Amino acid sequence: MKAENPKASAEVVWANNNTDDASLRLWREQSRQLLLSEAKARGLQSTSPCLCGSGDRLRDCCLRPLR
Ligand SMILES: [Zn+2]
């Protein structure tokens, strides 16, 4: 893999809503549930700082591509 275009390589497959792959939709839904349950276990809301430590709100960070 070339690293000449970091923006292109950062395009993650699970963030691509154009895909019509059923298993990918299932994966995204399960990942979303996992993330939400982990956030709930820590007493976090969707507007709380994200679990990954980015400083953004959860819903604007890791939760966004899983919708
Ligand atoms: Zn995050």
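**Helices, zinc and core**

Q: What makes up the secondary structure of the protein?
A: It comes to two helices and zero strands. Helices (H or I, at least four residues) and strands (E, at least two) are DSSP runs, numbered from the N terminus. This is a predicted model, where local features need pLDDT of at least 70, side-chain atom pairs count only at pLDDT 80 or more, and totals for chains, interfaces and linings use all residues. Residues are numbered from 1 along each chain as its sequence is written, and side-chain values use heavy atoms, with hydrogens and water left out.

Q: How do you know which atoms coordinate the zinc ion?
A: Donors are N, O and S atoms within 2.8 Å of the metal (3.2 Å for Na, K and Ca); water is not among the atoms, so sites may look incomplete. The SG atoms of C50, C52, C61 and C62 sit at 2.2 to 2.3 Å, so they count as donors.

Q: What makes L35, A39, C50, L58, C61, L63 and L66 a nonpolar core?
A: Such a core is a set of buried Ala, Val, Leu, Ile, Met, Phe, Trp, Tyr and Cys residues joined through side-chain atoms within 4.5 Å. Buried means under 20% relative accessible area (exposed is over 50%, partly exposed in between; 1.4 Å probe, protein chains only). These seven residues make up the largest one, and among them C50 and C61 are both buried.
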